[in-house]
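Subject: Structure for you, with notes

Hi there,

Here is the structure I promised to pass on. My notes on the salt bridges and the sheets follow below.

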Amino acid sequence: MKVSVFGIGYVGAVTAACLVRDGHAVIAVDPNEDKVRTIREGRAPIVEPGLERLIADGVTSGLLRATSSAAEAIAETELSFICVGTPSLHSGNLDLGFVARVCEQIGAEIAKKEDFHSIVVRSTMLPGSMDQTVIALLERFSGRKAGEGFGIAIYPEFLREGSAIADYDAPSVIVIGRLDAQTLERVRALNSRLAAPEYVTDYATAEAIKYANNAWHAVKVSFANEIGNISGELGIDGHAVMTALCMDTKLNLSPVYLRPGFAYGGSCLPKDLRALRYKAKALDLAVPLLEAAAASNDLQIDRAMRMITSQGRRRVGMLGLSFKAGTDDLRESPLLELAERLHGKGYDLRIFDPNVRYAFLQGANLQYVRSHLPHLSALMVDRAEDILSHAETVVIGNRDPRFAPAIDGLRPDQTVVDLVRHDPARRSGGNYQGICW
């Protein structure tokens, strides 16, 4: 294919070099004449293992050229990558000035073309940037509609400095946010030699995926450091602790616990996190990430409460009370906390959980209920149908499969607040509200 790459920085230089190595003709575009000259001389504009050789080979073969002319690049290619920088502003927001200027240039040039041109964004941008900046400017300066007069997609990069070429060649997943089918097929053609699984979605979701990845990496680094700091103060090798943690691929390094929904609870996580934070304080150690985990959990309960109360209806029915399906454990269940708040504010509350029988609660479980919601027995009903006949707002609290028939029997005048995405296919809308989907 004939490809132009706008921005000869880290991502652009690696992308251009790897495309040329794979046999594509590439025009690298940058307003910085020093970068253009560097590429023309067969040298890498950045330090990255293996990059200099790929660029030198590309220039020698004639497949790699460099220019500062957007007009030349657009006229001679069928697909353009946008790889310009998106630096931080003092506020923390992104500066999309470079992206905006490139979109204006590309839009003006594709207006002169008869052929269908595809624009693929690799620059990292916050969700909403494709709509509000990229597509808006491309449509304004080209006079054409995205997906019809030109193609558009976003293809987030996950290249690490020092291993960028290896990361390009062996990605864990290829994420493509697309609008039109032709651009999607062109990106697939460029990636035909890559064996990674492909995740195709809309471009707003693809924008969010990139940020979720980077935020997760930052959280992992900070978590390992806080555990290491506590361990070190106790005379324990933090590396040994984290090595064992990483050996667990069933719970620790897996999709488990990484599904958005309601707050955590139960007899272990809240108690042990509190104890670890207490120990850190005793050691005079700051552990802001561990502190924030508990605060964030409380905020998720607040969010659920707002979703329920904002309906403006007094009769509420809860399907589920234990902290997860298949158990009667109510200790530190966020659903019990939610029920306590609703009852305390005077809502006409009914609760159905087939696993919870008040008469059979005992020990610490019973003591916890008596201290937090002593009127629980008066709020419990025996059938899911009792919830449906009573409630104006139905809250789905866990994934017990026995709730499915009840959900199917909802009336049009009833509102559902789903805290667990009981039906994976449902999205918020109308009288159905998911807590974060």
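Asp22 and Arg193 form a salt bridge, with their closest N and O atoms 3.6 Å apart; the term stands for a side-chain nitrogen of Lys or Arg within 4 Å of a carboxyl oxygen of Asp or Glu. This pair links distant parts of the chain, 171 residues apart: Asp22 lies in the loop between helix 1 (10-21) and strand 2 (25-29), and Arg193 in the loop between helix 8 (181-190) and strand 8 (198-201). Helices (H or I, at least four residues) and strands (E, at least two) are DSSP runs, numbered from the N terminus.

Before you read on, please note that this is a predicted model, in which local features need pLDDT of at least 70 and side-chain atom pairs count only at pLDDT 80 or more, while totals for chains, interfaces and linings use all residues. Residues are numbered from 1 along each chain as its sequence is written, and side-chain values use heavy atoms, with hydrogens and water left out.

How many salt bridges does the structure hold? There are 25, and two others are worth a look while you have the model open. Arg274 pairs with Glu332, the closest N and O atoms being 2.5 Å apart. Here too the pair links distant parts of the chain: Arg274 sits in helix 11 (residues 269-282), and Glu332 in the loop between strand 9 (315-319) and helix 13 (334-344), 58 residues away. Arg274 is partly exposed at 41%, and Glu332 is partly exposed at 23%. Salt bridges with shared partners also join Arg21, Asp22, Asp169 and Arg193 into one network.

The other pair is Glu72 and Arg65, whose side chains meet in a salt bridge at 2.6 Å, N to O. Glu72 counts as partly exposed at 27% relative accessibility, as does Arg65 at 33%.

Eight strands form an open sheet of mixed pairing, in the order 3-2-1-4-5-6-7-8; two strands pair if DSSP finds at least two bridges between them. Strand 3 (64-67) and strand 8 are at the edges, each with a single partner strand, so one side of each has no neighbour in the sheet. On average, neighbouring strands here are turned by 25° against each other, direction ignored. Within this sheet, strand 5 (residues 118-121) and strand 6 (residues 151-154) pair in the parallel sense over four bridges, and Ser118 stands opposite Gly151 in strand 6.

What is the order of the open sheet of five strands? It runs 10-9-11-12-13, with parallel pairing. Its edges are strand 10 (348-352) and strand 13 (432-434), each with a single partner strand, so one side of each is left without a neighbour in the sheet. The twist averages 20° from one strand to the next. Strand 9 and strand 11 (residues 393-396) run parallel and are joined by four bridges, with Gly317 opposite Val394 in strand 11. Helix 13 packs on this sheet and touches strand 9, strand 10 and strand 11, where contact means heavy atoms within 4.5 Å. The direction of helix 13 makes about 170° with that of strand 9; axes are lines fitted to C-alpha atoms, for helices over the stretch in contact, and angles run from 0 to 180 degrees between N-to-C directions.

Best wishes

Technical notes
Buried means under 20% relative accessible area, exposed over 50%, partly exposed in between (1.4 Å probe, protein chains only).
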